[in-house]
Amino acid sequence: MGRGVLYPHVQAGIAKIDRRPPSAALAPFVEFYWHVRWRTDEPYDTKVLSHPNVHLVFEEPVPLVYGVDRTLFVRRLEGRGQVLGVKFLPGGFRAFTAGPVIDLADRRVPASRVFGPEVEDAGRAVLAHEDVDAMARRAEEFLLRDLPAPDPVAGEVAAMVEAITSDPALFRVDQAAEKLHVSIRTLQRLFAEYVGASPKWVLRRARLHEAVSRADQGVPIDWTTLADDLGYSDQSHMTRDFTATVGVSPAKYAGT
C-alpha cells in the first residue's frame, strides 16, 4: 500500500493497488499513474492521509479532479470496481488549470471543467480496459493531445516540496524558507499558486505520514521519543494533532 493509506493491512484484503510511471513527455507534470481494483462483500471506507498533489481520476460516472485534501480523504468501496488515477507532481497541475491550485483545495470537481468534455470520452475508454498498462496508455494519450509547455517554476516548486518533506530536521515554515533561500512570504505564495496547500500544512502532513508509518509497523513504539523526533513540543501535542486528523489516538490506531 502507498504511504498515507490508513489501516493498510485491512485494505490489502479488499483492494489491490498498482502504479505505472509516466512517459518522458509527461514526467515534468505527472508523478505516476495509480490503479485501484477492489472487491468487497460489505461497504468499506478507505481512508488516506493525502499528499500535496492534485489527482485526475477516471471513475464512474464521470472523471473528477481532486484538489489537495487537507483533512482526511475518505472513499466508500462497495461491490466490485476499479479506478485509474493520475497523480500530478506538486506544482505539476498548475499548467492545466486557469487559476491558482489553492482554488481546488478540499474540492472534487468534474474533470470536464478543466479538460473539456473530451475527458469523459477518455474516461470511458480508460475504464473499458481491465489491463492496467492499457488503462495508463489511454490516459497518457488523452493528456498528450494538448500538453502545455513545462513551467520551470513548477519544477522548482516540486523540488521545494521534496526538499522540505524529506528533511526530518525541518519542523517550521521559517526553517523551510531559510533552507530554500526564499522569504516566508514567497514560499507561501508559491505553494498557494502551484501546490494547493500551505507550507505549514505540507510540513505538518509529512510528520503525520511518518507517525502513521511507524504505527503501521506493528512493533512497540515509544511515543514520547517519536514526538520528539517529529519536532512536537511534547507527546500530548502529537497525540492531539494525530487524533484531530486520523480520528483516533496514535496508540489506538497502532492497536496498543
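What follows is a working chat about a predicted model.

Q: Before we start, what are the ground rules on numbering and confidence?
A: Residues are numbered from 1 along each chain as its sequence is written, and in this predicted model local features need pLDDT of at least 70, side-chain atom pairs count only at pLDDT 80 or more, and totals for chains, interfaces and linings use all residues. Side-chain values use heavy atoms, with hydrogens and water left out.

Q: Why two sides within one strand?
A: In a regular strand the side chains alternate between the two faces of the sheet.

Q: What does β3 pair with?
A: β3 pairs in the antiparallel sense with strand β4 (residues 64-66) over three bridges, and in the antiparallel sense with strand β5 (residues 73-88) over four bridges; two strands count as paired if DSSP finds at least two bridges between them. In β4 the bridge partner of V57 is L64, while in β5 the partner of F58 is L84 and that of H55 is K87.

Q: How many residues lie between β3 and β4?
A: There are five residues between β3 and β4, and the two strands form a hairpin. The loop between them holds P61, and the peptide bond from E60 to P61 is cis, with omega near 5°.

Q: And β5, which other strand does that pair with?
A: β5 also pairs with β2, in the antiparallel sense and over 15 bridges, and one of the bridge pairs is W38 with G81 in β5.

Q: Switching to packing: how many residues are in the largest nonpolar core, and which have the most contacts inside it?
A: That core has 27 residues, and those with the most contacts inside it are L56, F58, V65, F88, F115 and L143; a nonpolar core is a set of buried Ala, Val, Leu, Ile, Met, Phe, Trp, Tyr and Cys residues joined through side-chain atoms within 4.5 Å. The elements that give two or more residues to this core are β2 (30-48), β3, β5, α3 (118-127) and α4, and α4 supplies the largest share, five residues. A second, separate core of 20 residues includes A176, L180, L190 and V202.

Q: F58 keeps coming up, so what is F58 in contact with?
A: Leaving aside neighbours within four places in sequence, F58 is in contact with P63, V83, L84, V86, V119, A122, G123, V126, L127 and A139, contact meaning heavy atoms within 4.5 Å.

Q: Where is A122, and is it buried or exposed?
A: A122 is in helix α3 and counts as buried because its relative accessibility is 11%. The C-alpha atoms of A122 and F58 are separated by 8.3 Å, with the two residues 64 apart along the chain, and A122 also touches F142, not counting residues up to four places away in sequence.

Q: Where do Y7 and D106 sit?
A: Y7 is in the segment before α1 (8-11) and counts as partly exposed because its relative accessibility is 32%. D106 lies in the loop between β5 and β6 (108-110) and is partly exposed, with a relative accessible area of 39%.

Q: Last one: what about P21?
A: P21 is in the loop between β1 (15-20) and β2 and is exposed, with a relative accessible area of 65%. P21 and D133 are 112 residues apart in sequence and 10.0 Å apart in space, C-alpha to C-alpha.

Note on methods. Buried < 20%, exposed > 50% of the residue type's maximum accessible area, 1.4 Å probe, protein only.
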